[in-house]
Amino acid sequence: MSTGAPRPTVGAVVLTMNDRPEEFPRAMTSLLAQQGIQLDVVVVGNGCTPEHVPPDVRTVQLAENVGIPEGRNIGARNVRGDYLFFFDNDAHLPAIDTLARLAAALQREATLAYVQPRISDPDTGVTLRRWVPRLRAADPSRPGTVTVMAEGVVMIRRDAFEAAAGWPGHFFLFHEGIDLAWRLWNQGGTGRYLPDIVVHHPATDPARHTRFYRLNARNRVWLARRNLPRVLELLHLATFVALTLWRFRDRSALTASFAGFREGLRGGYGERSPTSWRTVARLTRAGRPPIF
């Protein structure tokens, strides 16, 4: 009889729109090859019937595209495991112990709510700055405590995820990871970046989405209005406007950004639940005050 500790249970959620016929099978093969864990996988067809799904993997078919965060919420409700792993369908796991190592980090530290591996392009090895969940992102090999996350490849403790009410489903796309991370921190949890654990993901440009500028701006407003005390909400939005004017020179990008900003100000952000000032202090000590 084995006397070893039980293997951690991991529920993996993968979304598909059947638009990645080469990348998706590779992602699934690498996911199902994981060892050292009890793995349950669900594939959510976001507005489609999932195709190229391996045998014995459950699927959920959604009649319409509900967006990435809500699709992941639905997936989380349909998968078993103490830990939830959210996995982009164009990523893949180059090692068979990736999920076991991420789960082990969560098992070692009770206050750790989520862990993120280093994401790198499989061809160039490049880790984009937006994949490094902290400021001073020039060195992607530096580990540490983090206050945001890259949503596409992250493992989250299920009880913390559910207590935080999951992803903000109405965001549809962009900034849902910051929203969830702040709420996990507000519960007393923390996040950890583990760059010695690597996941491969092609280095794509988020601006390829036609709605990028509008949704990016709208959700930034919603993020602040949902989560921040009023004084910090104003500082956060003022900083966002200043950075938008500095970063974007294209007139159409600026027009779409300010249309999204106005849309966010009109409402629709959901229930307001400001973080405590204690959480603001914790985020600041961790290196990222919530004002940008």
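Buried here means a relative accessible area under 20%. With that cut-off in hand, let's look at the charged pairs of this predicted model.

What does D179 pair with? Its salt-bridge partner is R226, with 2.8 Å between the closest N and O atoms. D179 sits in helix α5 (residues 176-186) and R226 in helix α6 (residues 212-227), so the bridge ties together parts that lie 47 residues apart in sequence. R226 is buried as well, at a relative accessible area of 10%.

The structure holds 16 salt bridges, and another one of them joins the side chains of D88 and R72. This pair also links distant parts of the chain: R72 belongs to helix α2 (residues 68-77), while D88 lies in the loop between β4 (83-87) and α3 (98-108), 16 residues apart. R72 counts as buried, because its relative accessibility is 5%.

R225 is buried at 15% relative accessibility, and E233 is buried at 6%. These two are also part of a network of salt bridges that links R225, R230, E233 and R272.

| Pair | N to O distance |
|---|---|
| D88 and R72 | 2.7 Å |
| D179 and R226 | 2.8 Å |

Note on methods. Residues are numbered from 1 along each chain as its sequence is written. This is a predicted model: local features need pLDDT of at least 70, side-chain atom pairs count only at pLDDT 80 or more; totals for chains, interfaces and linings use all residues. Side-chain values use heavy atoms; hydrogens and water are left out. A salt bridge is a side-chain nitrogen of Lys or Arg within 4 Å of a carboxyl oxygen of Asp or Glu. Helices (H or I, at least four residues) and strands (E, at least two) are DSSP runs, numbered from the N terminus. Buried means under 20% relative accessible area, exposed over 50%, partly exposed in between (1.4 Å probe, protein chains only).
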